[in-house]
Amino acid sequence: MTTGEANKPRAGGIGRSIRLSSWSSRLAVVLLLVLLVALGTQAVQAPGQFLSQLLIGITNGSIIALIALGYTLVYGIIELINFAHGDNFMIGSFVGLTVLSGTFLGLGFFAPITGDAGTAIKILGVIFALVVAMTACGFLGMGIERIAYKPLRNSPRLAVLITAIGMSFILQNVGIIWKGPAQVPFPDLISNANVFGGNVVFRWKDLFVVSLTIPLLLALSYFIRSTKQGKAMRAVAQDKEAASMVGINVNRTISITFLLGGILAGASGVMFGLFNGTTVFNVGFIQGLYAFTAAVLGGIGNLAGAVVGGILIGIIAAMSDQYIGVRWTEIMIFSVLILVLVFRPTGLLGDRSAVQGGGEERG
């Protein structure tokens with residue numbers, strides 16, 4: 001049987017499914033095709049600009065993917081949408097800013113880390129800020145779980161959800177007290193210069209974000225798949241009672257899940273500040289919604305889905321900024337969220353209740 005013959009039943013199945021689909025599904029397919037044709041036209045007319053926007057989208061999507069992983073890790077374990085996670089990301093950016101701006105409680109502990117410092121000092125400063133922010137946000141996430149969520153472990157889900165929203169507001173107010181309601185600038189430590197030159201723009205800031213995201217994703221994947229604690233997380237995600245019967249400490253496993261999500265939020269907070277040059281007390285709200293949309297798009301509870309969803313959301317935002325208008329970007333992203341919830345609630349890669357690898361795909 002030839003390849004073409006083998007594809008006939010599949011092609012026939014897709015055509016039959018489109019014919020049998022509702023008018024709303026057909027409209028969504030038509031809109032998607034129109035968007036793809038429009039993007040293809042722009043790619044042919046100005047390939048350099050299109051590739052530059054694509055790279056910006058991948059960079060922004062990397063930050064969104066790290067935040068989305070925090071949502072999907074917690075959902076995979078206890079099926080909770082942790083709305084305080086985006087604000088933990090904001091706290092991470094504030095911690096990083098405090099380290100890099102050279103002041104702490106009015107004292108100049110970190111004063112050498114400035115834009116005029118040498119390259120070695122800048123690199124050490126960024127590494128130090130990342131470590132401090134990741135540690136602080138990790139323990140903050142774990143503390144929130146112990147204080148706010150653990151006492152409600154057997155309560156109705158609505159009670160835990162409302163508590164998560166309450167924790168979000170508390171962290172936002174902590175941000176206002178700490179840095180004020182206005183935007184605060186980050187030190188300009190990473191160059192905006194183009195790495196490759198030419199028409200395609202890929203700055204050192206983009207390289208910084210991508211080169212830091214990849215090791216974090218690989219480390220998380222190794223931890224989940226290969227370590228004893230990662231296997232315990234997968235077991236708890238599948239069946240808490242059975243995991244407890246074989247000697248797994250469920251409470252400790254849930255706390256470590258929040259610790260991991262907080263660590264990723266801290267890293268992404270510092271990267272966001274250095275990449276965009278600013279942060280603000282409510283930055284976690286909009287970035288958190290972007291990340292939640294990415295987690296739903298990829299399939300919440302699915303680690304690979306969170307990464308794929310984050311990259312796609314970043315690319316959609318970058319293309320919308322360039323070809324439609326910045327003011328339409330949020331509308332485009334939340335339209336994606338609505339379309340996913342309507343047409344594929346389990347996301348592109350399916351919803352796995354277990355944390356990657358051990359769960360049974362339901363989508």
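## Ground rules

Ala, Val, Leu, Ile, Met, Phe, Trp, Tyr, Cys and Pro count as nonpolar here, Asp, Glu, Lys and Arg as charged, and the others, Gly among them, as polar. This is a predicted model, where local features need pLDDT of at least 70 and side-chain atom pairs count only at pLDDT 80 or more, while totals for chains, interfaces and linings use all residues. Residues are numbered from 1 along each chain as its sequence is written, and side-chain values use heavy atoms, leaving out hydrogens and water.

## The largest pocket

The largest has a volume of about 1,300 Å³, taken as the space filled by probe spheres set on the points, which are joined across faces, edges and corners. It has 32 lining residues, with Leu-32, Leu-35, Ile-316, Val-336 and Leu-339 closest to the centre.

By class, that lining has 25 nonpolar, 6 polar and 1 charged residues. Helix 2 (23–45) gives the largest share, 12 residues; helices are DSSP runs of H or I, at least four residues, and strands are E runs of at least two, numbered from the N terminus.

## The second largest pocket

This one holds about 410 Å³. Phe-272, Gln-287, Tyr-290, Asp-321 and Thr-329 lie nearest its centre, out of 21 lining residues. Helix 3 gives the most, with 5 residues, and the classes split into 11 nonpolar, 8 polar and 2 charged.

Key. 1 Å grid on protein atoms, 1.4 Å probe; cavity = no way out; pocket = protein on both sides within 12 Å on 5 of 7 lines; lining within 4 Å.
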